[in-house]
Number of protein chains: 4
Amino acid sequence: MSGLGIGLIGTGYMGKCHALAWNGVASTFGDVARPRLVSLAEVDAETATRKAAELGFAKSTGNWRDLLDDPDIDVISVTTPNAFHAEMAVAALEAGKHVWCEKPMAPALVDAERMAAAARRAGKVAVMGYNYIQNPVIRHIRTLIQEGAIGAVNHVRVEMDEDFMADPQALFYWKSEASSGYGALDDFAVHPLSLLSVLFGHPKSVIADMAKPYAERPTAAGGARKVENHDLASVLMRLEGGVSAVLMANRSAWGRKSRIALQIYGSKGAILFDQERMNEFELYQASGRSTEQGFARVLTAPAHKPYDRFIPAPGHGLGFNDLKIIECRELIGAIQGESAHVIDFQQGLRIEQSVHAMARSFVERRWIDV
Amino acid sequence: MSGLGIGLIGTGYMGKCHALAWNGVASTFGDVARPRLVSLAEVDAETATRKAAELGFAKSTGNWRDLLDDPDIDVISVTTPNAFHAEMAVAALEAGKHVWCEKPMAPALVDAERMAAAARRAGKVAVMGYNYIQNPVIRHIRTLIQEGAIGAVNHVRVEMDEDFMADPQALFYWKSEASSGYGALDDFAVHPLSLLSVLFGHPKSVIADMAKPYAERPTAAGGARKVENHDLASVLMRLEGGVSAVLMANRSAWGRKSRIALQIYGSKGAILFDQERMNEFELYQASGRSTEQGFARVLTAPAHKPYDRFIPAPGHGLGFNDLKIIECRELIGAIQGESAHVIDFQQGLRIEQSVHAMARSFVERRWIDV
Amino acid sequence: MSGLGIGLIGTGYMGKCHALAWNGVASTFGDVARPRLVSLAEVDAETATRKAAELGFAKSTGNWRDLLDDPDIDVISVTTPNAFHAEMAVAALEAGKHVWCEKPMAPALVDAERMAAAARRAGKVAVMGYNYIQNPVIRHIRTLIQEGAIGAVNHVRVEMDEDFMADPQALFYWKSEASSGYGALDDFAVHPLSLLSVLFGHPKSVIADMAKPYAERPTAAGGARKVENHDLASVLMRLEGGVSAVLMANRSAWGRKSRIALQIYGSKGAILFDQERMNEFELYQASGRSTEQGFARVLTAPAHKPYDRFIPAPGHGLGFNDLKIIECRELIGAIQGESAHVIDFQQGLRIEQSVHAMARSFVERRWIDV
Amino acid sequence: MSGLGIGLIGTGYMGKCHALAWNGVASTFGDVARPRLVSLAEVDAETATRKAAELGFAKSTGNWRDLLDDPDIDVISVTTPNAFHAEMAVAALEAGKHVWCEKPMAPALVDAERMAAAARRAGKVAVMGYNYIQNPVIRHIRTLIQEGAIGAVNHVRVEMDEDFMADPQALFYWKSEASSGYGALDDFAVHPLSLLSVLFGHPKSVIADMAKPYAERPTAAGGARKVENHDLASVLMRLEGGVSAVLMANRSAWGRKSRIALQIYGSKGAILFDQERMNEFELYQASGRSTEQGFARVLTAPAHKPYDRFIPAPGHGLGFNDLKIIECRELIGAIQGESAHVIDFQQGLRIEQSVHAMARSFVERRWIDV
């Protein structure tokens, strides 16, 4: 059985991450044919050649459209800046390729809608790169909730915080431009929304506050430039079924590096998780004698599937890149017609819709139904 | 020098806590005259007699008004259920006594206003029992913020969670009645508001969501009764100076016992605190080499005043009751004309105003200016 | 019912702690007669007068022997430096007083033996101030072990670390003199030994290593002086029943403030505790589904007796001084003929014997039976 | 440039881990030629064929000696049970191959010596699979120590605990046989010794206690069989330079999954680490104002090399398998003549010598010089 032919557009942060996943998925899982790394596209031929050697691709090109015509390619990874996702993903789908596109879909809602429509039309697998849902911990939390381990969920809080925009002395760059989006909301909050969507479903109504920790930032020329979007967003939400939720996102949160902190409260217990300690979660169950009740810190183990495909011993720990390998395996499964744990373009569109509703609720200072 | 004469109304949870503070304050601080525990009032004379023996009061009475006329009494502690605060505090002030009243002021805003007016008229010291502001950690956080240790604060999150209402099978009781108040908002959220007020000032505008985890609760008779207020409240806020803040309160939060979790983000760092681990805080400062930057967990020590009055060695830990002893010392200081770290009736009223504004914002589904 | 008459010798760190306990025990527990603070002895009459006023004692004296003759005094608290314990405790016992003596007994084993003999002869209550055993957490751990919650215990590790000797630039002082004792072993390790003794019994055989982090320390005169004892001690032990244990003590451990960390491993689970977070413990029980097994962090609550005598709500936290109040209540119980949870002079002597055996095992570089 | 030709013996736990590393090293680091996965040996040809397909090897064999003669193979990974290491590693070296052998070297010291001698003779690169030393955290701790960030180190504690032998009801298996080794000491303690060796050097003198939590274990036949080695070992040590250290190992430690906990105390600070949270460490530095001093929890980031080769953002986390990729890169570096951070067979032999000295100190109940 010959493996899928892979094309990769972009080799930066997430491009390399995709490449590592395509490299490692067969050895890790042992149940899929080894993908063939056919060709890679970069901004110019020289960069492409160098990166193809590094990342193990057989061919390379300075023109991403070359991948569309390559009959050896079955799947195209789109890992370029957000502004390019729509054009590339739509073209790939129209060329009959499956698409694995990094999140978010696109800065403009209309482009996201275009992507979702193209996926529907093409009948190809079109998956968004929401890797955090692939954490065995998140999958297990979903199982626990479904089993009723904490009873009926009635309240959720989720926080996503990093500090890459926290330094007020850092030079103004494109992430502070209005054209790049709302700020924390789409840069970031899409990740917690992806978690909420697999655990509880999508928001029904929202009201957001957004804020600028720094009104302006210095420029290279020595002056200062007005910040055009918001590093901070806080949102009150009602989810499907009426569950009250709060979402907080802050990309200027000093000290936070990769925080995605979940608090889930139910009628029989509670669950806590933080992506900064991605190999553990905490579970409180209101049963037994009160004198021994507490949050149990559980370390991931082979029994938390598919941790077992990586390591046969408990507590040894997966890494961030391993989540992409799991996502890759799910994508292959989807292509093979298996039921897969992924966020496809239709689900991805719903996340974008939530983000835009939040932004509107801030502008109009009122609750908005999504 | 003879110490202040003390009258105590109520000997339950907080009444005993006041008694312990009046007992211990002189020995602990060593710089004030030993208070004289003059008389104690309870619901009936027999209970009063028994409690006076237990708590070290010289006299007792089944009629709290007896304390008003007692010339030996300088200060009256009011620790009865919230519905009685206004009547007792106003009467005590009008009788020329200083008043130490447990929080919150009163279920109805008009009663809180009456208390604040009485305090202004009487010219006596009138202090609310917001003990958490007395934690040496909170005092030190205030100092750190004032010193600019984390730069200009731009975002605050505060969560207050306990689980005493978390069991859906627990029988309906008065805390779920509308007459007892809004639920989490006034039962609870006044504590985080007290912290915000000493650290950053009062909210300027708010919008709240409130929720009922359980629509009804069982009754002793075997049926069920509709829950009339909200165990859950989440609030978006803007503080003085425009700082964005989120306040979350949940008295049905399984696993949480005494959580008051603060996250304070500034332009140069961040501070974390949780009352469940009341003897420590975490400080992140964005200075020095990045490879060693992290949240430093600092244990309280004699240098965090007035910890030194309790224990001369670091890390040994204060307890919940010790906060009341500090509050007691501050109250005595206020009576002696010193500058004191307390929330008086005027500040207390502002907290109540915030709570009522939050409740209104929920009903009207819009932002409300406080 | 008239309360016990109390005499106090010493008003430093632990003297004040005793005074606070005598002040607070009746109000806290509500089931014992209020102790009468009769008289207090200090190094001179003036200090004694001042301290008596501060701490609420009726009389004072510059000569501790005055307390022996005072017929109003039933119990004498001995809180002076270790070198004075034997003389004072023996005299007090011989004068017919009950004695509450701070730990350890005395630098020389012969003095500790003298104290134990005097207690036996006098037939009075003679209790050592091992306060950490009074923590409701420790009491609950004992219950858990007795109930078999973690099966048969097979391994124990205990660490006691502080950093008050960690600074190599701090001036040489008496704690580094040979005459003050072995160093970490008796200054310190007696505390973990007190915990082991109530949880598992005393060591049967031991071998210790001891070390000097700093060979010399600066003197005020500008030179340096050789350090004469050991800030560091590590001990392999076998407890009663053959359980293997490791005890580690370090008073030069930067960053540690009041660490007494216990790890207890059994055939069905494990228990963790650290005095720096004295209001919680962690329990792992190997039962149920493996995917939810983890160390549960349990916060103390009213159900962990006698926490309920201090606070009726869970997770609010006791402090270091509260442990002394519990100890005081146990002492009163012992005097009243109740079964009490204390370490008396006979048990205290066994702790001293262990310490001296450890020191000998270091000198002789071999295992020593205690 | 053509990459190294790789042969792999064994495809179990660590065999797969090696395969993942050989697969991923070039894409991850981008600075070495892509290894060629030439051939793989398993216990029979059929298994070998299946595993070669899974793990991406071009050829396979049921006879590991076939790899010795294969001119395409430059390096052989030895990942079979410990008893086979010596024979295979020596044969590979004698066949002119570089060797990457899993730890420990061999149950018998004489075999380890044979391996070290063969490596010296062959002049080939011979590296032990001590992966934990490759953690960027460990590397950074080494840098911190070398820079004097915590001053002169004077005390070290290291604990290695897992619970795979903790269940007394689990059936007796070969790990409890004397022929498999001493138990925790060689199964396990070699890992902490590898860390000590790169951070501080090797032990100079040791005394160990060893214990059997369970004297016997059930057999499949329904009876019980005596346990022949020790699941528990505790060791007092002096390291090079006189530093006092304690090593504790327990493979019956309920609740511990992959604990390797380091405590390092110096004259200016302290460092903490636990492999169960492998992406963070804690640093205490005794500088600045005491009121802000605490253990800073530092998350790994690109600045902690070579984390940057995996992920360009901080706090996202490496996994256990990533450590093997780093080790693989170091191995390739060693083959290329670069200075490499590895434990070669000579250093590995010193670790084995320490283990055997510890075992002897237990039997002879005395300190042993290594």
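V127(A) stands opposite D344(A) of β17(A). The structure is a predicted model, in which local features need pLDDT of at least 70, side-chain atom pairs count only at pLDDT 80 or more, and totals for chains, interfaces and linings use all residues. Residues are numbered from 1 along each chain as its sequence is written, chains are lettered from A and ligands numbered from 1 in the order in which they are written, and side-chain values use heavy atoms, with hydrogens and water left out.

The V127(A) position belongs to the pairing of strand β6 (residues 126–128) of chain A with β17(A). The two strands run antiparallel and are joined over two bridges. Strands here are DSSP runs of E with at least two residues, numbered from the N terminus. Two strands count as paired if DSSP finds at least two bridges between them. Both strands are part of an open sheet of seven strands in chain A, ordered β3-β2-β1-β4-β5-β6-β17. Pairing in this sheet is mixed. Its edges are β3 (59–61) and β17 (343–344) of chain A. Each has a single partner strand, so one side of each is left without a neighbour in the sheet.

Chain C holds an open sheet of seven strands with the order β3-β2-β1-β4-β5-β6-β17, again with mixed pairing. In chain C, β3 (59–61) and β17 (343–344) stand at the edges. Each of these has a single partner strand, so one side of each lacks a neighbour in the sheet. Within the chain C sheet, strand β4 (residues 75–78) and strand β5 (residues 98–101) pair in the parallel sense. Four bridges connect β4 and β5 of chain C. I76(C) stands opposite V99(C) in β5(C).

Superposition was by least squares on the C-alpha atoms of residues with pLDDT of at least 70 in both copies.

The contact (heavy atoms within 4.5 Å) takes 45 residues from chain B and 45 residues from chain A. About 3400 Å² is buried between these two chains, and carbon and sulfur atoms give 55% of that area. Buried area is the accessible area (1.4 Å probe) that two parts lose on being put together, summed over both. On the chain B side, R157(B), W254(B) and W367(B) lose the most area to chain A. Together they account for 19% of what that side buries.

Six salt bridges are found across the interface of chain B and chain A. The rule requires a side-chain nitrogen of Lys or Arg within 4 Å of a carboxyl oxygen of Asp or Glu. R157(A) and E159(B) meet in a salt bridge, at 2.8 Å from N to O.

A rotation of 180 degrees with 0.0 Å of shift along its axis superposes chain C on chain D, with an RMSD of 0.0 Å. The two copies are thus related as by a two-fold rotation axis. In chain C, R366(C) comes closest to that axis, at 2.9 Å (C-alpha). Of the interface residues of chain C, 100% are also interface residues in chain D, so the copies meet through the same surface.

In this pair, 45 residues of chain C are in contact with 45 residues of chain D. The buried area is about 3400 Å², with 55% from carbon and sulfur atoms. The interface of chain C and chain D contains six salt bridges. E159(C) forms a salt bridge with R157(D), the closest N and O atoms being 2.8 Å apart. β7 (153–161), β8 (203–211), β11 (232–239), β12 (244–250), β13 (259–266) and β14 (269–274) of chain C each supply at least two residues of the side that touches chain D. β11(C) gives the largest share, six residues. The chain C side divides into 24 nonpolar, 10 polar and 11 charged residues. Here Ala, Val, Leu, Ile, Met, Phe, Trp, Tyr, Cys and Pro count as nonpolar, Asp, Glu, Lys and Arg as charged, and the others, Gly among them, as polar.
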